[in-house]
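Work through the following exercises with the sequence and the structure in view. Each task is followed by a solution in steps.

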Amino acid sequence: MQERFQFAPKTPKTAKKALSIPILNPLNVYGRVFLLSWWGFFVAFCSWYAFPPLLTETLKKDLNLSQAEVANSNILGLTAALIVRLVAGLACDRFGARWTFAGILLLGAIPTALAGTVTTHNGLVVLRFFAGILGGSFIPCQVWTTGFFDKSVVGTANALTAGLGNAGSGVTYFLMPAIFNSLVQRQGLSESKAWRVAFVVPFILITATAIVMILTCPDTPTGRWSSRNRDIQRHLDMRDTFLTTNTMGNKHGNASSIDSGNDTVQLNSSNAHGHFTDTQTQEDDLLTAASWELVEKPTVKNSLGALCTLPTLTLLVVYFCSFGTELSVNSILGAYYAKNFPDLGQTGSGSWAAMFGLLNAVFRPAGGILADLIYRHTNSLWAKKALIHSLGIMLGVFLILIGIDDPNSKPVMFGLMTGMAFFDEAANGACFALVPHVRPTSNGLITGVTGAAGNLGGIVFLLIGRFTNGSADYPKKLWIIGAITIAGNLLVAWIRPIPKSQLGGR
């Protein structure tokens, strides 16, 4: 385990992807990219979920909102993120993750700064829709991390950046009420003015983070996104020359190539078809570069080829269930606690609800780390996939238990929610330990549609709650979501982890 978190990571000479994660070394370029990946996602999530902690009482009272109107604003907040995640995946493949990430943060900062101008329900819905842009930051966060870390640790790296970033949804449950209370009690502002001023804080954090990201980090381990393949091509040419002079046979093989948009990387046919000599094995960077590192320029043909496969469908279904659950629970948990335990009040129920999001910092990385460990010991993607479905089914079981019991005891409620949080968030982490293996030449696209499926799940689950015997029937919402989650995982459990036509798919 210690090898996974070295202060200065080792990197292969061709693709230059780190073989460990320097989580405590921002002076190292890999450590800096890791830091800004999770921190950028963290501040985006803080702002995206800055409304729910104050909606339970303050905004609901100040804007004269009904429970149905609160639910509508939650749904619209997820809708924009779904759209942005789809676009962000293609943008990452076309322009690189760093610029896509910074662009999403800067665009999302605008509605955050304008939050204080809201005076009506319609204004709240419109503003939350555009603030939902920040939810799309998850896609460049994962694509950027995938681009800098080797497949042996990418599950851990993705789970850590996503888990720490997702914790922003928990921190904001503490942060926004604390800022609001400070402005009211210490600065003497009215409640109506205080909540508006409170949104200045996430605006400053988002803008500053985007600027630092642009100024201090590269697009890829080899430099600029537009020239990412030239250095790899140079290493491949040098290696082909070495093999020609040191290896008998395969001298006149046909050439194959991978079109990555700006450059075409040429591969010796013997390498492309997987026939290795001892010398080739020692120079394994070629295969890595050919099958793992190169992102193709998005076209209709290769995009459809990546999307229209059963392994991609598997990712969509499992993330629809797991992250959809997380988003829907994040949106209703504070109100659910306030309903079952009215003595907690807005601040108390918000603080307990925050724990669900904060546990992402531990539970989501646990899913990715466990997936990497299993893969390392079995060398089987089926093992990663089995872990994902096991976690998903247990998530469904806990949701059904909570929904049927509807606990009125705090220890029972918080205990069951913690168990549910583990299986939910670990399932999210394990899912994105598998994503980089599925059509890596379209990694941004696959990451984008998988992330969007999670948002779609959140919207669908909130809509189920919206029209289930009143929008405040939280227990029924939860057991219905649990049943869907179990069914979804069982439905796709038989599908192979990666396409049969893909290298390693047979």
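**Exercise 1: Charged pairs**

Lys410 and Asp343 meet in a salt bridge, with their closest N and O atoms 2.8 Å apart. This is a predicted model, in which local features need pLDDT of at least 70 and side-chain atom pairs count only at pLDDT 80 or more, while totals for chains, interfaces and linings use all residues. Residues are numbered from 1 along each chain as its sequence is written, and side-chain values use heavy atoms, with hydrogens and water left out.

Task: State where Lys410 and Asp343 lie, and classify the exposure of Lys410.

Step 1. A salt bridge requires a side-chain nitrogen of Lys or Arg within 4 Å of a carboxyl oxygen of Asp or Glu. Side chains of opposite charge can pair when their charged atoms come close.

Step 2. Lys410 belongs to helix H20, and Asp343 to the loop between helix H16 (310-340) and helix H17 (345-358), so the bridge ties together parts 67 residues apart in sequence. Helices (H or I, at least four residues) are DSSP runs, numbered from the N terminus.

Step 3. Buried means under 20% relative accessible area, exposed over 50%, and partly exposed in between (1.4 Å probe, protein chains only). Lys410, at 30%, is therefore partly exposed, whereas Asp343, at 57%, is exposed.

**Exercise 2: A second bridge**

**Exercise 3: Aromatic rings**

Task: Describe the geometry of the pair Tyr30 and Phe148.

Step 1. A pair of aromatic rings is described by the distance of the centres and the angle of the planes. Rings of Phe, Tyr and Trp (its six-membered ring) pair if their centres lie within 6.5 Å; planes under 30 degrees apart count as stacked, over 60 as edge-to-face and the rest as tilted.

Step 2. The structure contains 28 aromatic pairs. In one of them, Tyr30 and Phe148 are 5.8 Å apart centre to centre, with 75° between the planes, which is edge-to-face.

Step 3. Tyr30 is in helix H1 (residues 29-48) and Phe148 in helix H6 (residues 138-148), so the pair ties together parts 118 residues apart in sequence. Tyr30 is buried at 8% relative accessibility, and Phe148 is buried at 1%.

**Exercise 4: The nonpolar core**

Task: Identify the residues with the most contacts inside the largest nonpolar core.

Step 1. A nonpolar core is a set of buried Ala, Val, Leu, Ile, Met, Phe, Trp, Tyr and Cys residues joined through side-chain atoms within 4.5 Å.

Step 2. The largest such core has 107 residues, and those with the most contacts inside it are Trp144, Phe149, Tyr337, Met417 and Met420. Helix H20 (residues 410-434) contributes the most to this core, with 14 residues.

Step 3. Contact means heavy atoms within 4.5 Å. Leaving aside residues up to four places away in sequence, Met420 touches Thr325, Val329, Phe356, Leu395, Phe398, Leu399 and Ile402.

Step 4. A second, separate core has 20 residues, among them Ala50, Leu55, Leu59 and Leu63.

Terms used: Helices (H or I, at least four residues) and strands (E, at least two) are DSSP runs, numbered from the N terminus.
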